[in-house]
Amino acid sequence: MSRAGQILVAAFVGGIIFGVGLTISQMTHPEVVLDFLQLDDFGLLLVMGGGATVAAIGIQMGARTGKSAPLTGKKYGLRVRELDSDVIIGGAIFGIGWGVAGVCPGPAFASLGIGNYVIVWSIVGMIIGAHIHGFIKESRAN
Amino acid sequence: MVLIQIADLVVTAFPNGISHYLIGGIVIGASVVFMYFTTGQIIGASTALETTVSYYSKLKWFQQEEFISSRDWRAVFTVGLIVGAAGYTLVSGAELWVTEVQWWRLLIGGLLIGVGARLGKGCTSGHGICGLASFSPASLVNVVVFLGVAIIVAHLTELLGVVP
């Protein structure tokens, strides 16, 4: 199989594992997310904390090897973004949306898989949102 | 006595138990680690929104190399999310489930999430799991802001009587 094909297989497997995790933890249910945001059930912190801890062990170890990924040749690095006002304003806008809907991008797609077809409203909203962001970036560039 | 108090606290804070949250979180982390060691990519679900738009939008922002080169595997990853959730539901014998949250909340929330996640350079997975795992200060700031704002908004929504 070609390298590009292997990367697609890895992404498919990775997506499946991620989707299983979101389903087990019920992040696919906006009601569960809203329960957390209304401080009735703190489970979401365990999901994010558990995920971040496992990811930290892998990523921090990988980044120290100085090696590169077999499928892409990409060097093992860290995900560090520049801290600017966009990070804060974007986070606030994201927070409003998350608080209104109890949905975020990964769980929205996984939720389709558990039969929650009305989540399409959120997916349509997110795609429109991505377009709006594109126009914002484009008008800044001009 | 102290142990009983701690047990009480756990029951109050986690009325639906803790194991499925922890196991789910660990599985999500395992997916991140798998993608990292095979491809070197530190994934974030919201980037796929923009890379998918790059398939059809002529806008220069969407036609950047980073989007075009990663859009295929990101789309496949997103399909994997759906397949994984459907597969687990099938195997575990759970019934199909539909949210009662009203459509306009899902739509308006989704729109703001789309703008905010991209402007803020990440979402709950990109910043909340992968950014924190990278010890990135920008991610910590982003997570604190979106958690704080979302908790306030969710309470306001409830106060305004919007249920569910």
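Predicted model: local features only at pLDDT ≥ 70, side-chain atom pairs only at ≥ 80, totals over all residues.
# Reading a two-chain helical model

The buried residues of H5(A) pack against H1 and helix H6 (120-141) of chain A, together with H3, H4 and H5 of chain B.

Me: How many helices and strands does chain B have?
Reply: Chain B has seven helices and zero strands. Its elements run α-α-α-α-α-α-α from the N terminus on. The C-alpha atoms of chain B fill a box of roughly 60 × 40 × 40 Å along the principal axes. Of its 164 residues, 51% are buried.

Me: Back to H5(A). Why is this helix described as largely enclosed?
Reply: Count its buried residues. A residue is buried if 20 or more other C-beta atoms lie within 10 Å of its own. Helix H5 of chain A spans residues 105-113, and nine of the nine are buried, so the rest of the structure largely encloses it. The buried residues include Pro105(A), Phe109(A), Leu112(A) and Gly113(A).

Me: What follows H5(A)?
Reply: Gly115(A) follows, with a positive phi near 100°.

Me: Now the nonpolar core. Which residues have the most contacts inside the largest one?
Reply: In soluble globular proteins, nonpolar side chains tend to be buried together. The largest nonpolar core here has 86 residues. Those with the most contacts inside it are Ala55(A), Val32(B), Ile113(B), Ile129(B), Phe146(B) and Ala150(B). Helix H1 of chain A, residues 3-24, gives the most to this core, with nine residues.

Me: Take Ile129(B). Which residues does it touch?
Reply: Leave out residues up to four places away in sequence. Ile129(B) then touches Met48(A), Gly51(A), Ala52(A) and Ala55(A) in chain A. In chain B, Ile129(B) touches Ile28(B), Gly29(B) and Val32(B).

Me: How many residues of each chain are in contact with the other?
Reply: The size of an interface is often given as the accessible area lost when the parts come together. Here we use residue contacts instead. In this model, 107 residues of chain B are in contact with 106 residues of chain A. H2(B) gives the most to chain B's side, with 20 residues. That side divides into 66 nonpolar, 34 polar and seven charged residues.

Me: How do I read two packed helices?
Reply: Two packed helices are described by the angle between their axes and the distance between the axes. Start with H6(A) and H5(B). They pack at an angle of about 35°, with their axes 6 Å apart. Their crossing is right-handed. By class, this contact has 18 nonpolar, seven polar and one charged residues.

Me: At what angle do H4(A) and H7(B) cross?
Reply: Helix H4 of chain A, residues 85-101, crosses H7(B) at roughly 35°. Their axes come within 7 Å. The crossing of H4(A) and H7(B) is right-handed.

Me: Which residues of H4(A) and H7(B) meet?
Reply: From H4(A), they include Val87(A), Ile88(A), Phe94(A) and Trp98(A). From H7(B), they include Val141(B), Asn142(B), Phe146(B) and Ala150(B). The contact of H4(A) with H7(B) divides into 16 nonpolar, six polar and no charged residues. Phe146(B) and Ala150(B) are also among the residues with the most contacts inside the largest nonpolar core.

Note on methods. Residues numbered from 1 in each chain as written. Chains lettered and ligands numbered in written order. Core = buried A, V, L, I, M, F, W, Y, C linked by C-beta atoms within 7 Å. Buried ≥ 20, exposed ≤ 12 C-beta atoms within 10 Å, placed from the backbone. Helix = DSSP H or I, 4+ residues; strand = E, 2+ residues; numbered from the N terminus. Contact = placed C-beta atoms within 7 Å. Nonpolar A, V, L, I, M, F, W, Y, C, P; charged D, E, K, R; others polar. Axes fitted to C-alpha atoms, helices over the stretch in contact; angles between N-to-C directions. Left-handed = near helix turned anticlockwise from the far one by under 90°.
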